[in-house]
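Colleague: I have a model open and want to learn how to read it. Can we go through it feature by feature?

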Amino acid sequence: MKLRRIAADLPIVSRQFTRNPIGLFFSLVFPIILIGLFGLIFQNTGNNSVNLPVLLLDHSNESSSFLDALNATGLVNVQIWNNVSASEFSSKLYAAEAPVGLVIPPGFGAGVAAHTSINVTLYTDPGNPAASGTVYAAVNSAVTQLNFRAAGAHPVIGVHALTVGSKSFAYIDYLIPGLIGFAILTSPMFSMVELVSTYRKDGFFRQLSLTPLTRAEWLSSRILWYIGLTLVSAALMLLVGIEGFGAKVNIPLAMLPFLFVGPFLFVSLGMLAGSVAKSPETAAVIGNVVTFPMMFLSGTFFPTSTFSPPLLAIAKVLPLYYVIDGLNSVMLFGNSTRALTDFGIVLVISVVIFLAAIVTFKWREE
Amino acid sequence: MPDAICVEGLAKRYGTLRAVDGVSFTVPEGRVFAFLGPNGAGKTTTVEILEGLRNRSAGSVQVLGLDPWKDGPELHEQIGVIPQEFRFFDKIHPREAVVYYARLFGSTVDPLAILRRVYLEKKADARFDTLSGGQKQKLGLALSLVNNPRVLFLDEPTTGLDPQARRGIWEVIRALRAEGRTVFLTTHYLEEASLLADQVAIIHRGQIISSGTPEQIIAAHGRPDRLRFEAGPEVARYLSGKLPFAVTNEPPYVDVELRRKQDALQVLTVLEASQLGWDHLSVARDTLEDVFVRLVGRMDDGVIKSEAS
Ligand SMILES: Nc1ncnc2c1ncn2[C@@H]1O[C@H](COP(=O)(O)OP(=O)(O)O)[C@@H](O)[C@H]1O
Ligand SMILES: [Mg+2]
């Protein structure tokens, strides 16, 4: 391996890349579009609060402190509906596709003040158990609070609720490391598989074999290029995710090992997939078969914590899982032990695949 | 003069196909050697074995004293190659390509000077995919020169080019020879071989069917010189009755084969005495093409007509 020859090859790689708008689009723009798209789709579920239409038929201090208690749970987002009668409330809810609704009856405040029993009415949609459950919990908690207060008591046991991983994360927060992983996977894989198979068909490798450039040098310059590209695209994704969608992620230096080893792994894997295939057509098929499961099952779009055990078992076979898990560990959870394990696993896989690619990949034929 | 290339009993089999079947030849340093043959004759297979791109099935091969398959890296420092149908990366410019090769070889060259040598300096900054066929081949030549090679291998460097582009490449090849470089050239153009080569080997179905200088090949396999004039069949009949020479009549020509130059005098004397009409006197001499067509045609009728284009 000579650095001089890698340095000679790099400008060729970069020019071929920068003079190809499609490659640029898929490596730099496409991941941003995905962040935008998924960010917009899941923007409202980010804090998990459910919109709760409320028919307020009692205007008293008691009813407003009840609504305050509801809002304070953080689970619901109270929306007062005016100009709706009690009889048409249910059908209006249905028309507005609201899965839940709450009626605070007339005399609510007087009842609370007089300590007479009084009911609020909760409408729920059995077709949306998640929203119904959330709202039921919120209403129950507010009711309990008011009951305690009315009885002059205070709760003895409280619950301090936290999201797994000790901090509360929104979907967009998981999406950033996931999509960085997505870009680390797809941009080198797709282009390397295509490149290797067409270069061989067009005789470029035979031509290069007549120069002092070695296969390892050729592969190294591509790895370096994709590391650079990954750094740029990760920076862009962080910028858009944080500025555009309020993602709350850390940007620690501990991200870097993954941004280096990821492209190392997938440039090598793309080369391996492209080398074992006899034609560009079979290369594309092999490339897709290798890439697609990883694209969806490694925690790119959906956190792997939501996976069922069998699905998780599959995910853990895919190398990208460890890249994304590592990124999550350093960017979200600050769990460096786990990140170190992930990094070790990816590094070992990468070295094995790099060597396999070099051995499989022949410049010339017998 | 030492031999740049030395091939003895070279054979290459693809399964049961004997693509190269016991080929031997030597190329002295500083000469242009043309490997002439129709498509599928085994030219590319041979030249790629010499470059170390393919392994051989049998025989011995030495290029500059090295075994191309085993000593590839060492050999590649000293040779230049244009593969058949040379292509480069579509989006790269000739100047960038030359700089790239120069850096790989660790040689310091002026990219423009190299491009000027192959008459490509005007296209130094055009993308490869915008170049014409001839300009692409010229870039191939430029790249093969970057490491100042002692031996150049050019596999059909002018196939598919228009006549003017072809002449441009020929000019460069002549200049390379003048610089003392050895050139191994494959072609299926007879004109190219006879114009450029010091030595020619005609290969057909993996075997060399004739070799030597173009003149030697013509002398060995060509017909004798013929006295030719335009005349009718009665002249042909009259002459064959009066003369001890072979007379052929392919209208409008009558050809009389000469054993010696002096025989021409006898033919003209008899012709003059006949009082028959004739016109346009000339001497017809076999070209490499005639020999090639006859040699290859003798082995299998029709191959040349259908495959060579
Ligand atoms: N890699 C290969 N595998 C199988 N057959 C081949 C291969 N390369 C060439 N051939 C066959 O060997 C013969 C000689 O081919 P080639 O050397 O390319 O001829 P030329 O260059 O004179 O046109 C042809 O019949 C061709 O089909
Ligand atoms: Mg050929």
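Modeller: We take the ligand site, then the build of chain A, then one arginine. Keep in mind that this is a predicted model.

Colleague: How many residues surround ligand 1, and which are the closest?

Modeller: Start with the list of neighbours. Ligand 1 has 13 residues around it. Gly40(B), Gly42(B), Lys43(B), Thr44(B) and Thr45(B) are the closest.

Colleague: Why is the site shared between chains?

Modeller: Check the chain letters of the neighbours. The site is shared because residues from chains A and B surround ligand 1.

Colleague: What do the side chains of Thr44(B), Thr45(B) and Arg54(B) contribute?

Modeller: Look at N and O pairs within 3.5 Å. A polar side-chain atom of Thr45(B) is 2.5 Å from an oxygen atom of ligand 1. For Thr44(B), a polar side-chain atom lies 2.7 Å from an oxygen atom of the ligand. Arg54(B) places a side-chain N or O atom 3.2 Å from a nitrogen atom of ligand 1. As for cover, ligand 1 has 560 Å² of accessible area on its own, and the protein covers 65% of it.

Colleague: Now chain A. Is it compact or spread out?

Modeller: Chain A has 14 helices and four strands. Its radius of gyration is 28 Å, well over the 21 Å that the rule gives for 366 residues, so chain A is more spread out than a compact globule. Along the principal axes, its C-alpha atoms fill a box of roughly 95 × 40 × 35 Å.

Colleague: What share of chain A is buried?

Modeller: Of the 366 residues, 47% count as buried. Chain A exposes about 17600 Å², and carbon and sulfur atoms supply 65% of that area. For contacts with a separation of 6 or more, 78% join residues 24 or more positions apart.

Colleague: Last one. Where does Arg13(B) lie, and what is it in contact with?

Modeller: Arg13(B) sits in strand E1 (residues 3-14) of chain B. Its relative accessibility is 41%, so Arg13(B) counts as partly exposed. Setting aside neighbours within four places in sequence, Arg13(B) is in contact with Arg18(B) and Ser57(B).

Technical notes. Residues are numbered from 1 along each chain as its sequence is written. Chains are lettered from A and ligands numbered from 1 in the order in which they are written. This is a predicted model: local features need pLDDT of at least 70, side-chain atom pairs count only at pLDDT 80 or more; totals for chains, interfaces and linings use all residues. Side-chain values use heavy atoms; hydrogens and water are left out. A residue is near a molecule or strand if one of its heavy atoms lies within 4 Å of it. A polar contact is a pair of N or O atoms within 3.5 Å; within protein, one must be able to donate a hydrogen and the other to accept it, and residues adjacent in sequence count only if both atoms are side-chain atoms. Accessible areas come from the Shrake-Rupley method with a 1.4 Å probe; for residues, only the protein chains shown count as cover. Helices (H or I, at least four residues) and strands (E, at least two) are DSSP runs, numbered from the N terminus. The radius of gyration is taken over C-alpha atoms; the globule rule is 2.2 Å times the number of residues to the power 0.38. Buried means under 20% relative accessible area, exposed over 50%, partly exposed in between (1.4 Å probe, protein chains only). Contact means heavy atoms within 4.5 Å.
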